[in-house]
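Hi,

Here is the structure I promised to pass on. Have a look at it first, and my notes follow below.

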Amino acid sequence: MTTRAVLLALLLGAGSNGQLKAQGYRLRLDTRAQAVGFRGVQIDSIAVGDTVSGPGGGPATPDGFAVSCSGGAPFCTYFRPGPARRGAPLVTTADLTMWGFGVRGVSAHATARAGVDLGNADVWPGTDPALQLLAGYVEYAAERVTARAGRQTTFSRLGATGFDGASITLRDGRRGIEASGYAGWGLARGVALPITSPALNPLDDFQPRQRQLVAGLGAAWSAAVADLRADYMREVDPRSNYFVSERIGLSAAVRPAPGWSVAGGADYDMAAGWWGSAEIAVGYARRAVSASLGARRYRPHFDLWTIWGAFSPVPYHATQAQVAVQALPQVQLRARGEWYRFENSETATPLVDVVGSGWRGEIGFTARPAAGWTFDGGYEREYGPGASSAGASATATYSPVATWRVMVHAATLDRPLEFRYAESVLQVYGIEAEADPRPRLRVAFGATRYVDDHRRPDAAGFDWGQWRLTLRAILTFGRGGGDELGGLPPAVRRMPGGGAAR
Amino acid sequence: MRHATAVLVLALSLAASRLSAQGGGAGFDHEKHRALFPTCASCHVGAVAGGVSLWPEPVSCAACHDGTIEKVVTWSPPRVPRRSNLRFDHVRHATSAGTKAPACVACHAEAGAPRMAVRPAAPERCLDCHAIRTAHLAAPDSACAQCHVALAQATHLTRQDIAGFRAPPSHADPRFAGADGHGAVARQAVAASCATCHAREFCYQCHAGATPPRAIAALASDPRSTAIAARGAPASHGGNFADRHGTAAAAAGARCSGCHVRTECLDCHRPVAAAGPGYHPAGFLSRHPAAAYARETSCSDCHSVGGFCAACHAQAGLVATGVLRSGYHDAKRFFLVGHGQAARQSLESCVACHAERDCLTCHSALGGRRFNPHGPGFDANRMRRKNPETCTACHGTAIPVR
C-alpha cells in the first residue's frame with residue numbers, strides 16, 4: 001500500500017510537471033548513510049547438573065556466566081553475548097513543493113523516503129519498508145481557509161497524527177479565531193505506516209487487521225497576550241465500530257509581560273476515563289537570560305486495540321527548572337533539573353523493592369572566545385527507576401565562514417541498570433565536518449568511535465567498541481522563487497515567489 | 001624570469017588601474033584643466049539641463065587630445081548607471097532649490113579650495129544645507145528618505161553593496177532589537193526611512209509569523225535585503241527548547257508555521273534511520289534506558305514502539321521468546337513475582353520487549369493464573385463501552401459487569 005502510495009505521488013508529481021505546468025517548485029534531496037553496529041545478548045540454557053558455583057556463590061556455567069534457575073526446572077537460563085550486528089542504512093528523503101497551477105493558493109507537497117540497509121538485513125530500525133510516504137497532499141491556502149487532501153500529519157496537544165484524508169482550517173485573522181477539522185484513515189503512532197504494516201509487529205503480537213478511521217476537531221484563539229487551543233480526536237475500528245482512542249486536549253500560552261510567558265496543557269483520555277499527561281511552566285526569556293520553572297505529569301497513552309491500558313499505568317509528577325544565562329558576551333551558562341515521583345501503583349511486594357522516584361540534572365556552557373570558534377561542555381546525571389546515568393561531554397567547533405565547519409567531540413557515560421547487572425561504561429569521541437561547496441549543495445561527514453564496556457561480575461560482561469561513520473548530502477533544486485532567500489526561515493522560502501507573496 | 005613576471009604583473013596592474021580610472025572619470029585631473037573650462041557646465045551639461053548626459057562627449061576631449069596637440073586618450077562615459085541609492089538629480093535639485101541652489105563647488109569642493117579642486121560630494125554637505133546637525137548615520141530616522149530612495153527602488157545595488165551598508169549608531173543600542181526599540185520606531189510612521197536599507201524579506205528573518213506587524217507589510221519586497229543578516233531565533237528558543245517546545249507549539253502552532261514547515265517537524269517526529277546524532281546526542285543509545293524508563297520526553301511521539309523499540313530490541317536479543325523466563329532481570333532475585341510496580345511505572349518500557357501473550361500467561365481469566373492486572377483508576381465499564389474487544393482478550397465473551 002505504501003509503495004503504491006509513493007509511486008502514485010511520484011506519478012502525480014511527474015504529471016504535474018508535464019500537464020499542470022507548475023510555475024515553480026522546490027525539491028530538496030537529502031541522502032544520508034550510516035555505518036553502525038551493536039551487540040546484544042543471546043539466551044542460552046544449561047542443565048542444572050552442569051552448573052558450578054560462581055564467584056558470588058550462585059550458580060554459573062563452567063565458562064563463567066551467572067545463570068538463573070527456577071525451582072524444579074531441569075535447566076537454568078542465562079544470556080551470553082550475542083553476535084555483533086552491523087547495519088549500514090542508506091536513506092534518501094525527497095521533499096517537493098510545487099505551486100503555480102493556475103489557481104492562486106494551490107500547491108502540492110510531498111515528502112518521501114527510500115531506504116535500504118546495506119548491512120545485515122533489517123539490523124537498524126526504520127528501513128523497512130523500503131519506500132515510505134511521509135506526506136503527499138494538495139493544499140489550497142487563502143487568508144481565511146487552508147484545505148488539504150492526501151497524506152498529512154497534524155500536530156497538536158494529542159501528538160503527531162498521520163492520516164490519509166482531508167483537513168480544513170478556517171480562520172478569522174482579525175479576531176484571532178481558528179477552527180479546524182480532519183478525517184481519514186489513520187497511520188500508526190510515531191511512524192508513517194499503517195498500523196496493519198508487518199514492520200510494526202516484530203513480536204508477532206496483537207495487530208489490527210484494518211486501519212483505524214481517525215477524525216478530529218480543533219478550535220483556537222490567538223492574541224498578542226495569549227493563545228488558547230482545544231483539540232478533540234477519536235479513532236475508530238471500522239470493522240467493529242469500536243473506539244481505538246478518544247481524547248481531548250487543552251493548551252494555553254499567556255504572555256503577561258514582555259519576556260514572560262506561562263504555557264501549559266493537559267489531555268484527557270475519554271476512553272480510559274483518566275487524565276493523561278499535563279504540564280505548566282512559567283518562562284522568562286530576554287536577551288541575556290532564558291529560564292523556566294514548571295510542573296509536569298506524564299502518563300503513557302495506549303490504544304484500545306492493545307490490552308496495555310487495562311494494566312493501569314500510573315503517572316509520575318515532576319517539578320522542573322532550567323536556566324540559560326549569557327554570563328559574558330562570549331559565554332553562556334546553562335543548568336536544568338527535574339525531580340519526579342510516580343503515583344502509588346498499589347503493587348508493593350516485600351520481595352522486590354523498586355525505586356519510585358528520581359531526578360535529572362545538567363550543567364553546561366557554550367563559549368565563543370574568538371571568531372569562528374565554539375566550545376561546548378556539559379555534565380549530565382540522572383537517577384531513577386529502571387536505569388540511571390552520569391556523564392560529561394564536550395565539543396569544539398571551528399567555522400570561520402558560514403559555508404563550512406569542523407567539530408570534534410568527546411563524551412563519557414556511566415549507565416547502571418536497576419533490574420539487571422549490566423553497568424555500562426561508554427566513551428565516545430569523533431569528528432564531524434560539514435561544507436557547502438556550491439550554493440545548492442551541502443555535504444557532511446562524521447566518524448565516531450564508541451568504546452563500550454559492560455561491567456558485570458561474570459562472563460556476560462563484554463565490550464562492543466566500534467566506529468560509526470555517517471555521510472550526508474543535501475541537494476536543492478528550484479524554479480520560480482527567489483534565489484537569494486538563504487537567510488529566510490523555511491516557511492517563507494517555500495512560498496511562491498519567496499517572501500513577496502506574503 | 002621571476003623578475004620579468006613581477007614586472008609584467010605590475011605593468012598589467014597599472015594599466016588596469018589606469019583603464020579603470022579612465023572609464024569612471026575619477027582619474028580626470030580637473031586642476032590641470034582649470035584654464036580650459038571656465039564653468040563646470042562646459043563639460044557637465046547634464047548638471048544644468050535636463051535630458052542631457054552628465055558626462056562630456058569623448059569627441060570633445062579629442063579636440064585637443066588628437067595625437068598632435070596632446071596625446072590621444074581613450075575615455076568613454078560610464079555605460080551603466082552608478083550603483084547608488086541617492087534620489088539626487090542635479091537639475092531637479094537646482095529647480096526645487098530655486099535661488100537657494102548651491103553652486104557646484106558647494107558640494108564638490110572643500111570650503112575655500114580652488115574652483116577645480118573637485119571631489120565626490122560628501123554627505124555632510126547635504127546635511128549642512130538641509131539643517132541636519134548630526135553625523136550622516138546619526139541623522140534622525142525621518143531624514144533618510146530626504147536623500148535616499150527605498151532599497152527596492154535602488155535596483156542597481158548588488159547584494160555586496162547592501163551587505164556593506166553601515167548601521168546607524170542607534171542600531172547598536174541593546175534595546176533596539178526589542179519591540180520598544182526598532183518596533184517603536186517602525187510604528188511611528190517612519191517606514192520610509194527603514195525602507196532606505198531594508199525591505200520585507202529582511203524583517204521576515206525574525207518576523208516570519210503568520211501575521212507580521214503592519215509596518216512590515218508597508219515595506220516593499222526585495223530578496224536582496226537579506227544580504228543584511230538579522231538576528232536568528234527568538235530568545236524564547238534558548239536553552240533546551242527542543243525538549244520543551246511541545247506545549248507552546250500545541251497552544252499556538254500558527255506562530256511556529258510562520259518560520260517552520262512541516263517537513264522540519266517530520267525530521268524529528270518521523271526520524272531518518274540513517275541519521276546520526278541530532279535531537280539525541282552521540283551516545284544516547286547507551287543512555288536511553290535512563291531517559292526512556294521514566295519518560296524524559298514522550299518517546300512515542302517520534303518512535304513507534306513496535307516498529308522502532310521492539311524491532312531493535314529483537315535484533316539485540318532482548319525480547320522474550322518462547323516460555324517466559326526471569327533470567328534477564330537478574331539484579332532483582334524475585335523480579336518476576338514483584339514486577340508489578342516496575343510495570344505500572346513504565347509499561348511502555350515493558351512492551352518494548354514483551355508481547356501481550358507474555359503477560360497473559362498469568363494475567364488472563366482464560367486459562368492464565370487469573371492475576372488481576374487492573375489497578376488504580378481502571379474504569380471497567382467505560383472501557384467495555386468504548387471497546388469490548390479489549391476485554392475479550394482476557395475474559396472471552398464472559399466479560400464481568402461491575
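**What I found**

B:A150 sits in the loop of chain B that runs between helix 6 (144-147) and helix 7 (159-163); helices (H or I, at least four residues) and strands (E, at least two) are DSSP runs, numbered from the N terminus. Bear in mind that this is a predicted model, where local features need pLDDT of at least 70, side-chain atom pairs count only at pLDDT 80 or more, and totals for chains, interfaces and linings use all residues. Residues are numbered from 1 along each chain as its sequence is written, while chains are lettered from A and ligands numbered from 1 in the order in which they are written.

B:A150 counts as buried because 22 other C-beta atoms lie within 10 Å. The cut-offs are 20 or more for buried, 12 or fewer for exposed and partly exposed in between, counting other C-beta atoms within 10 Å, placed from the backbone. Leaving out residues up to four places away in sequence, B:A150 touches B:A192, B:A195, B:T196 and B:A220 (contact means C-beta atoms, placed from the backbone, within 7 Å). B:R384 is 234 residues from B:A150 along the chain, and their C-alpha atoms are separated by 69 Å.

Over in chain A, A:D63 is in the loop between strand 3 (59-60) and strand 4 (68-69). A:D63 is exposed, because it has 10 C-beta neighbours inside 10 Å. From A:D63 to A:A266 it is 203 residues in sequence and 54 Å in space, C-alpha to C-alpha.

As for the interface, 147 residues of chain A are in contact with 114 residues of chain B. Strand 1 (residues 24-47) of chain A gives the largest share of chain A's side, eight residues.

Cheers

Note on methods
Contact = placed C-beta atoms within 7 Å.
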